[in-house]
Structure formats: structure tokens, C-alpha cells
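Hi everyone, thanks for coming.

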Amino acid sequence: MRLRLLATVTAALLAGTSLAQTAQAQGHPQAEAQALELLKRGIAFRTVAGPGNQTPAYAAYLKQVLVAGGFAEADVEIVPMGDTAYLVARYRGTGKARNGAKPLLISGHMDVVEAKPADWTRDPFTAVVENGYVYGRGATDMKYDLSTMVATL
């Protein structure tokens, strides 16, 4: 399933289509639903620098998802930095590859730029799905990417 989901995510990114459209076309509605749920929950975290920053809580949520998906607790670390944090998840290989297993780094960020509700048609920290698109602060940069990465892992 991991390889198929990664292929679905990769196909969506390369084709410039939504994950939902690509996953449905490739027959992975469960994967699409999981990635969409991760995105919707992620948008709800106010991951903006300063008072009320919820980046550490978002990191804890992503860690919980990764651990529930099979990662060892010790392989997912949250590192606090002031009012924010970063998350590192180690995906252990088997070490049995013919040419030796190489490390893989998937990088992203959890923070978003401040969003003043008065500047938005919708609440920026409430995900809205409309006509096949997800609206909310971070829906495309970078919480969509984080959601597909975590769902793939």
C-alpha cells in the first residue's frame, strides 16, 4: 500500500491535479480520505509565530499519526525551539538492498504566515472543501504536502 500511495501522491504532484482526483482515478479512496483528513485537521492548527503558536501541538498530532501508522515512538522526535518546534521522523530501512540502503530525507515546514480573518472570505483556520478544492491557511503551502507525506509514510 505504501508504494501505491506514494505513486498516487507522485502522480498527483506531477500531473498538477488534486490528490483527491488522482487517488480516485487510481482507485485509492481510503488513501485519499486519510490525506484529506490529515490536511483538514492540519489547517485547524494556528501554526503562526508568536503568541498562540500551535506548531508544537501540530507536530505532536503528526507524531501521533506516524506512531499509530507503525513508527517507533523513539523514531519520531519533536524538538522545541522557542514558541515553535520541528519534527524529525526516522524511517528505518531493512538494510537489505543490493546496493545498500541509502538515507532518504523528506523535508517540509509546519508554520504558515499570519492570516487575518478580515482578509479572508472564509475562516483561514477552518478547512473548507468546495468544488474539489480545499481552502484554508496552508492548504497548498505546506500542509497539503505534509499531509500527503505523512499519509504516504
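Let me begin with handedness: H3 and H5 cross in a right-handed way. Keep in mind that this is a predicted model.

How do we describe such a pair? Two packed helices are described by the angle between their axes and the distance between the axes. Here, H3 covers residues 29-43 and H5 covers residues 143-152, and they pack at an angle of about 135 degrees with their axes 8 Å apart. Angles over 145 degrees would count as roughly antiparallel, so H3 and H5 are oblique to each other.

Now, which residues meet? From H3 we have Gln34, Ala35, Leu38, Leu39, Gly42 and Ile43, and from H5 they meet Lys143, Tyr144, Ser147, Val150 and Ala151.

Is H5 buried or exposed? Nine of its ten residues are buried, so H5 is largely enclosed by the rest of the structure. Among the buried ones are Leu146, Thr148 and Met149.

Next, the largest nonpolar core, which has 17 residues. Leu38, Tyr58, Tyr61, Leu62, Met110 and Val150 have the most contacts inside it. H3, H5 and helix H4, residues 55-68, are the elements that give two or more residues to this core. H4 gives the most, with six residues.

Let's finish with Tyr58. What does Tyr58 touch, leaving aside its neighbours within four places in sequence? Its contacts are Gly42, Phe45, Thr47, Met110, Lys143 and Leu146.

How values were computed: Residues numbered from 1 in each chain as written. Predicted model: local features only at pLDDT ≥ 70, side-chain atom pairs only at ≥ 80, totals over all residues. Heavy atoms only, no water. Axes fitted to C-alpha atoms, helices over the stretch in contact; angles between N-to-C directions. Helix = DSSP H or I, 4+ residues; strand = E, 2+ residues; numbered from the N terminus. Parallel < 35°, antiparallel > 145°, perpendicular 65-115°, else oblique. Left-handed = near helix turned anticlockwise from the far one by under 90°. Contact = heavy atoms within 4.5 Å. Core = buried A, V, L, I, M, F, W, Y, C linked by side-chain atoms within 4.5 Å. Buried < 20%, exposed > 50% of the residue type's maximum accessible area, 1.4 Å probe, protein only.
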